[in-house]
Amino acid sequence: MALFILRRLGVMILTALCLTAVVFALTNLPPNLEKLAKTQGDMRMSDEDVVRWLDNRGYNRPMLVKYGEWLGLVPGYVINGTDGQLRGKCIPPGASAEGAPRYCGILQGDWGYSSRFKRNVDDILGERLALTGQLMLWVLIVMVPASLVVGIMAGMREGSKLDRGLSSFSIVTTSTPEYVSGVVFIAIFASSAVGLKWFNGSARSAMDQITFENFTLPVMTIALYGLGYIARMTRASMAEVMTAQYIRTARLKGVAFRQIVLRHALRNALIAPFTVIMLQFPWLLNGVVIVETLFQYKGFGSALVEAAGTNDIELLLGASVVSVFVVLVTQLISDIGYVYLNPRISVT
Amino acid sequence: MEPLSTLEIIGRCLWQLAPVWVALAVTFALSIRFQRRLGLYGKLFDNPVGMIGFALVMFWVYAAVFAGGFGWLVTHDTLSQFSGMKNVAPGTPLARAPEGAYPYFLLGGDNLARDVWSRMLVGAWEVIKIAPFATLFAFMVGITLGLPAGYYGGRLDLVLSFLANLILAFPVILLFYLLVTPEIVETGIPTYMAAVLFLFPIIFAVVLINSRFHTQPAKRNLYVALALIIGGWLYLGIAWNADPLGIIIFPAGLLVVFVSVVFVNAPSVFRIVRGLTMDIKTRDYVAAAQTRGEGPWYVMLWEILPNARGPLIVDFCLRIGYTTILLGTLGFFGLGLSPESPDWGSTINEGRKLLSSYLHPALAPAFALLSLVLGLNLLADGLREESLKD
């Protein structure tokens, strides 16, 4: 088991390295650097100005060196700019060059500096992830029990009216992407045109204080898209278990249907949904970006959108490290959990 | 003129869609008449869920082709603005209607006083002309790489699986934000990606033909030459926008959308094909073919692939739906497609800004997208049930 986890961790680090290298290469393409210079400096910069701006900040150097600096394997640059200002990778803006460390990369725990928000990347990410974490937490609290209940009720009597109804409901929710359900929810529950106005169409106030009014719609929007998928998987798994021999034995023994479902079927039927729920996290990440944009909630997703819009290299790298980490860790947990839940499978 | 009542709006919408109803009726009549000779497609009509899904999908396909291809069904031009029609409610008569123009905005007007009905229908064309083809290309790439990975295993599998997992570990939206920007188009990266990705369908076709007919050189040469000429022509036109005949025009803005959608979908297809191959290669008929002395590509393409078709067809339907959602996402974030484009994602994005007071500009495309994806999911469900029966 330990070897298995170690191997997976190795693959994880390799994946993170490759992905950050790709993000690094894409954000450091000449047109993207030009965009960065123009959004940071002045929209009407001439080509020479752009080159000078980039030179002064060390952007016009070989890609590998810059990537090494970001990782912390290569000493950070110190450039005496043409405008007479001394800039360095490891010198925070406004601070003096004295006492600055030679290396400052991810290995030294320095995530860099966001050009969009003018703050350290780790501060921004911490803050934004806390907000998104709240959103995710509520989504999971709503989505997981709801989807399991729907799936189990549908799967326990395959082909019944209840099954048909719940299955249709699940298939409709899987066909409704967040930007459709979000818009429909806002239209029904928050617009003055319909006039219900039960909830807020914006979650901006939820960043300070979460209330039922401002958080229901975003949570429902994300939860609904994942709900149908998990419910369908649970239904399939439940329906399969219900045809098993031991269920028939229990029935013939005269155990009540309720007891059969709760005591005999449920535990075996929940193995498959566990994996599915874990593998849903990467999808939730997508949903978060859409919903945060739609409901103006300034979490991780909206940071990602803003960073990409202004080519904020170090924030984008930080965000991709975080998201790759989320994806791979959930995969690992789902694999390990699967082994524990199902004694017939072993990793070795 | 009086605004139309709800019933009148519905009636006029249905009447406007008359060609679609005729086409649907003909399709269903013919399919049910010749049901027993049509294989899996025919069996679909035994399954109510599959039939509803198929009807929804075909509704949008016909609507898209008639509206976008022939210019039927639409009541107004998708870009022309009409004075006094900004954000008007559905069924509002046209103020100062020009001679011969359709006198109403059936589903109202949007923020720029354009007709929501026409934009919704032409938006379907934007989806229908990209989503199925992008999915098809993703399948070609996934199959061409997934078959050998599953069949040979070993180091090849290790490398290809690592690459596939690498792409899958990327959040889709981050990838879109990095790839689908004017700056990236400027560097020509989409063209190079297209140049690589779109080689796979040609390789696929050539290997497919060669492995089957290599014992009959005359036939083989003819078919391979045909595949190369047609494939090469499409390749030049799509990837390099350099069709020597000038028929295929593929602007760079569209190419980047197409390429990134293929790029996102291909790894998942790869994983499915790889898994199926690993399962099927242990069967007796594969061993029989190997004992007969068939080459590895013959075994993969003519023994394993046809036997994996059930799950692949089902996944194909699901994946077109997913691609539709991805295209909507791109439009929603204003990536790739021009802001004036009538595609559903961009229209929803435009409409959501005024959602608190005007609902119709955002709701029409939202329900359109929902119904198309729902149709594809139901169709996939029906196909899955029917293909499991035999």
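## Basis of the description

A residue is termed buried if 20 or more other C-beta atoms, placed from the backbone, lie within 10 Å of its own, exposed if 12 or fewer do, and partly exposed in between. Helices (H or I, at least four residues) and strands (E, at least two) are DSSP runs, numbered from the N terminus.

This is a predicted model, in which local features need pLDDT of at least 70 and side-chain atom pairs count only at pLDDT 80 or more, while totals for chains, interfaces and linings use all residues. Residues are numbered from 1 along each chain as its sequence is written, and chains are lettered from A and ligands numbered from 1 in the order in which they are written.

## Helix H12 of chain A

Helix H12 of chain A covers residues 281-294. The expected span of a helix is 1.5 Å times one less than its number of residues. For the 14 residues of H12(A) this gives 20 Å, in agreement with the 20 Å between its end C-alpha atoms.

Of the 14 residues in H12(A), 12 are buried, so that the helix is mostly covered. Among them are A:Pro282, A:Asn286, A:Gly287, A:Glu292 and A:Leu294. After H12(A) comes A:Gln296, with a positive phi near 50 degrees.

## Interface between chains A and B

Contact is assigned when the C-beta atoms of two residues, placed from the backbone, lie within 7 Å. On this basis, 39 residues of chain A are in contact with 35 residues of chain B. Elements giving two or more residues to the side of chain A that touches chain B include helix H1 (2-27), helix H7 (178-190), H12 and helix H14 (313-341) of chain A. H7(A) supplies the largest share, seven residues.

By class, this side of chain A has 27 nonpolar, 11 polar and one charged residues. Here Ala, Val, Leu, Ile, Met, Phe, Trp, Tyr, Cys and Pro count as nonpolar, Asp, Glu, Lys and Arg as charged, and the others, Gly among them, as polar.

## Loop residues

Most residues other than glycine have a negative phi. In chain B, the loop between helix H4 (48-70) and strand S1 (92-93) contains B:Leu73, and B:Asn87 also lies in the loop between H4 and S1. B:Leu73 has a positive phi of about 65 degrees and, because 23 C-beta neighbours lie inside 10 Å, counts as buried. B:Asn87 has a positive phi of about 55 degrees and counts as partly exposed, with 18 such neighbours inside 10 Å.

In chain A, A:Pro93 lies in the loop between strand S2 (86-88) and strand S3 (113-114). A:Pro93 is exposed, with 8 other C-beta atoms within 10 Å.
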